[in-house]
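The stops below are given in the order in which they may be selected.

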Amino acid sequence: MATIDPELLEYLASLRESPMAWLAELAEQRLKALDETPRETAGQRIEAAHIQLQEFRRAVLEPIKFEREATAELIELAPNLGLKSVILEGATGLPADLMSPHRLEAIDRFIAVIDEELRKSERIVRQREGEAE
Amino acid sequence: MKEALKDAADELGVAVAGLKAGKAFEAVVLFRIALRLDHLFDQLHVLNHNGEPTTEFVLRGAPGHIPTKYSTGEEPSYIELDNGPVGWSVELHNSLEFDGASGVEHELDVAMIWKEAAEQVRNGKGGTVPVEPILGLELKDHAAHATLEKNLIRAFVTCVIELSPLRHFGSISVGREYPRKEVETRRPWFPLYYYLTPASLSGPSRRLAEFYGIMHFANLAPSDLDSVMGDIHLKFAVGKAIFERRLPHHPIDGEAGE
């Protein structure tokens with residue numbers, strides 16, 4: 001079971017404080033399931049963090065990209081049944097319409113933020129390990 | 001704290017309702033089945049809970065019952081496939097609950113049921129579906145690229161046995177004296193049960209599903225449901241043809257008898 005890098009622990013904590021806490025659980029399980037790798041040198045620690053950041057990206061973005069594909073497919077399909085909207089019963093969020101373009105926009109923003117933050121984290125880890133050496 | 005991630009996740013949680021439960025995928029599967037099977041019926045209607053045509057489909061947000069048609073609140077819609085008074089008339093629903101043999105309720109993510117059975121419930125106080133489905137699908141969608149735990153398919157097997165207990169017997173022993181006579185039972189063509197997931201299924205999970213006659217499709221993407229729809233279409237069309245051939249008023253029987 002891998003020890004989770006402090007950089008990743010911050011991601012998990014941030015997700016846990018959002019309505020997407022379930023994504024943090026999913027990602028944590030995947031991170032812990034990774035093999036523990038040697039971390040004696042700075043290079044090894046950078047490599048271990050890199051593997052974890054990539055696994056985090058996969059764990060978090062796979063369900064999000066799946067949802068994006070499902071939403072795009074739904075927007076294409078529904079008019080064939082004469083439908084203008086597909087309202088989720090009891091939805092507390094806005095919009096409740098599963099065909100709303102705002103869904104796709106929010107998903108795209110989330111994907112872009114994840115990619116940008118992970119790039120930053122790769123730099124942070126390198127700086128941290130460079131400073132530690 | 002990663003503030004940018006937190007903000008994006010907050011927005012996602014509000015703007016993308018039903019994400020965790022995979023509701024968009026549920027709607028896609030429901031609609032694709034309707035469109036694929038449409039040509040086997042005379043008419044397709046998208047209806048609200050009152051039975052009136054609608055252009056705004058209300059998707060069940062959580063496992064639930066058929067509402068009474070007298071309800072004035074926001075209630076789930078459904079799709080009707082109709083062959084008139086002497087043919088098949090069925091309905092497609094999402095997240096609908098059925099009565100299990102034990103009395104426990106079980107949900108199917110997407111289900112086809114007889115219109116007649118649904119109408120009985122709808123014209124009364126509403127409630128669970130008291131008969132087994134014609135078609136039942138379980139969708140497991142948010143563990144993409146992981147291998148699903150065997151417990152998940154085990155749970156669906158229990159649901160299938162609960163909803164269709166007689167479907168699983170190939171033969172029964174009859175008589176009071178030994179050796180009893182082994183009699184082959186006639187296995188019904190319907191219901192058809194499917195298990196769909198974007199994740200992988202392990203060997204034991206696949207064996208478990210296959211033993212109980214559950215068709216399974218793993219590693220699926222929402223835009224890549226053609227193989228599933230092809231399988232549903234083929235099995236449904238064959239089953240419907242066999243079933244209708246048995247009806248006494250079927251035109252082919254009528255011609256043969258003349």
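Begin with α1(A) and α2(A), whose crossing is left-handed. In this predicted model, select residues 6–16 of chain A for helix α1 and residues 21–32 of chain A for helix α2; the two pack at an angle of about 155°, with their axes 7 Å apart. Because angles over 145 degrees count as roughly antiparallel, α1(A) is described as roughly antiparallel to α2(A). To display the contact, select L8(A), L12(A), L15(A) and R16(A) on α1(A).

Keep α1(A) in view and select helix α3 of chain A, residues 42–77. Here the axes come within 10 Å and cross at roughly 25°, so α1(A) and α3(A) are roughly parallel to each other. Which residues of α1(A) meet α3(A)? They are L8(A), Y11(A), L12(A) and L15(A), and their partners in α3(A) are A49(A), Q52(A), L53(A), F56(A) and V60(A). The contact of α1(A) with α3(A) divides into eight nonpolar residues, one polar and no charged.

Next, select D5(A) and R128(A), which form a salt bridge with the closest N and O atoms 2.9 Å apart. D5(A) lies in the segment before α1 of chain A, whereas R128(A) belongs to helix α4 (residues 101–132) of chain A, so the pair ties together parts that are 123 residues apart in sequence. Over all chains, the count comes to 28 salt bridges.

Now bring chain B into the display. Helix α1 of chain B covers residues 3–15, and its axis comes within 9 Å of that of α1(A), the two crossing at roughly 35°. The crossing of α1(A) and α1(B) is right-handed. Select Y11(A), S14(A) and L15(A) on α1(A), together with L5(B), K6(B) and A9(B) on α1(B), to see the contact. Its residues divide into four nonpolar, one polar and one charged.

How many residues of chain B are in contact with chain A? There are 51, and they contact 51 residues of chain A. The area buried between chain B and chain A is about 4,600 Å², and carbon and sulfur atoms give 70% of this area. Highlight K2(B), L5(B) and L12(B): these supply 15% of the area that chain B buries against chain A, more than any other three residues. Between chain B and chain A the count is three salt bridges. For a salt bridge with a partner in chain B, select R109(A) and E11(B), whose closest N and O atoms are 2.3 Å apart.

The remaining stops concern the backbone of chain B. Select Y178(B) and P179(B), which are joined by a cis peptide bond with omega of about -5°. P179(B) is placed in the loop between β9 (171–174) and β10 (181–184) of chain B. Then move to F190(B) and P191(B), where the peptide bond is cis, with omega near 0°. P191(B) is found in the loop between β10 and β11 (192–196) of chain B. Finally, select S95(B) in strand β5 (residues 89–99) of chain B. Phi of S95(B) is near 50°, a positive value in a residue other than glycine.

Key
Residues numbered from 1 in each chain as written. Chains lettered and ligands numbered in written order. Predicted model: local features only at pLDDT ≥ 70, side-chain atom pairs only at ≥ 80, totals over all residues. Heavy atoms only, no water. Axes fitted to C-alpha atoms, helices over the stretch in contact; angles between N-to-C directions. Helix = DSSP H or I, 4+ residues; strand = E, 2+ residues; numbered from the N terminus. Parallel < 35°, antiparallel > 145°, perpendicular 65-115°, else oblique. Left-handed = near helix turned anticlockwise from the far one by under 90°. Contact = heavy atoms within 4.5 Å. Buried area = accessible area lost by both parts, 1.4 Å probe. Salt bridge = Lys/Arg side-chain N within 4 Å of Asp/Glu carboxyl O. Nonpolar A, V, L, I, M, F, W, Y, C, P; charged D, E, K, R; others polar.
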